[in-house]
Amino acid sequence: MNPESPTGVSRPLYRELHLREVLWWGTTWGQKPTQLIFGPECCDDLIFAMAGGTGALGKTFVERFAQEPDIKLVILSRGEQKASQGSIHHVKIDYDNVQSMTTELERYNVQTIISTIGLISEETSQSQLNLIEAAEHATTTKRFIPSEYSFIQTPDLLSIDPSIQYWLHAADRLKASSLQYTRVIPGFFMDYWGMPHARTHLQPFKFGIDIAGAKALIPGSGNDTICMTYTYDLAEYMIHLLKLEEWPEFSIFVGDETTYNEMLEIAKEVQMIKAGRTWLIAYDSIEMIDSGHVTVPDMPDSTMSQKELEEMTALVSRLTVNGVFDLPKENRMSDRFPQVRPMKVKEFLGQCWGPRSETKLL
Ligand SMILES: NC(=O)c1ccc[n+]([C@@H]2O[C@H](COP(=O)([O-])OP(=O)(O)OC[C@H]3O[C@@H](n4cnc5c(N)ncnc54)[C@H](OP(=O)(O)O)[C@@H]3O)[C@@H](O)[C@H]2O)c1
């Protein structure tokens, strides 16, 4: 038997028949067909469910996944069910009802769940824990990627950021389950320094370097390493990650590494066109950061209160000066996919803020 194909047919023929099956399922996809060319086992690995696929990061993943002809995506959402679009199906779920979620996962033959739930509260954390439980019960579901997409969160960091408990609870729950899982770690998202020019779904926020306002309000010495990845590059990496059979506990992706001081120099350089611009540059001391009285960049359009902006700035400054964005260099998952050429900070800032930056460039 051909090891690549459960039926023993050659790989190209298997792929062609698989695609025929996808076409044959057509608009009734998700409702159990009366007859399958192949059993469900031959396309399991191509059916993903995305919890939170309506959110900022989720939408980015959905956009990229929709370009893959051999991926079918089920978006799990609390919102009203929408009509299917091509290979993307929307399913309304109740995160409080584990049994009903299990039923939906089995009905759609979901093998892998990618969670991009915005983990900001006990409620959102519990939703993800319930989804993990549903996945464990579902006979079709074998793999789970929890919502994380940040730095490596460990218990020793709880004193800096108590909300890390939500990520740790999910990791502990997955560890105790029979599910295969990996925690995706892309560092900081590069998108923040390209707003409003960069193509992104992330909510606007200014961290450290405010290029539009020519202000650098830098935490600490400005020499802490920050590993960062553009969200669309992470989406690209996710395609490759999802097709791997084995996953490590942490899948680290790094698009580029920089520091605030380096970024400031690049920002000044790419903005040579606006020569004569005077930058305001200030460094928040460790004492200021520890006390929470940090310098907050101007964000007049933010929906957050000034207090919330200060808390968020102080939190991210504390994390930065504690080195959490300096991700391990060994065994990075991004090194396994050299065919992906991620955006570098210089290129990104050049495209967003250079001479051609009057229009949206990315
Ligand atoms: N490293 C970085 O720089 C960085 C930056 C931003 C985000 N992130 C990470 O990326 C992940 C996704 O963040 P995001 O900003 O994309 O999230 P988001 O837009 O705030 O939320 C994503 C989705 O979560 C769902 N959701 C909200 N409350 C829920 C609840 N109680 N139960 C279940 N689902 C709920 C919503 O979907 P429905 O309403 O459709 O159910 C929402 O669209 C998070 O883990 C975040 O930490 C990392």
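Biologist: What share of the contacts with a separation of 6 or more is between residues 24 or more positions apart?
Modeller: The model is predicted. Counting the contacts in the protein chain with a separation of 6 or more, the part that joins residues 24 or more positions apart is 73%.

Biologist: Over which residues does pLDDT stay under 50?
Modeller: For the protein chain the mean pLDDT is 87, and 70 or more is reached by 85% of its residues. One stretch, with 36 contacts beyond four places in sequence in the model, stays under 50: residues 1–45.

Biologist: Is N109 buried or exposed?
Modeller: N109 is not a glycine, yet its phi is positive, about 60°. It belongs to the loop between α3 (98–107) and β4 (112–115). The cut-off for a buried residue is 20 or more other C-beta atoms within 10 Å. Because N109 has 22 C-beta neighbours inside 10 Å, N109 counts as buried.

Biologist: How does A214 count, with its C-beta neighbours inside 10 Å?
Modeller: A214, a residue other than glycine, has a positive phi near 50°. Its place is the loop between β9 and β10 (215–219). A residue is exposed at 12 or fewer neighbours and buried at 20 or more. A214 has 16 C-beta neighbours inside 10 Å, so A214 counts as partly exposed.

How values were computed. Residues are numbered from 1 along each chain as its sequence is written. This is a predicted model: local features need pLDDT of at least 70, side-chain atom pairs count only at pLDDT 80 or more; totals for chains, interfaces and linings use all residues. Two residues are in contact if their C-beta atoms, placed from the backbone, lie within 7 Å. pLDDT is the predictor's confidence in each residue, from 0 to 100. Helices (H or I, at least four residues) and strands (E, at least two) are DSSP runs, numbered from the N terminus.
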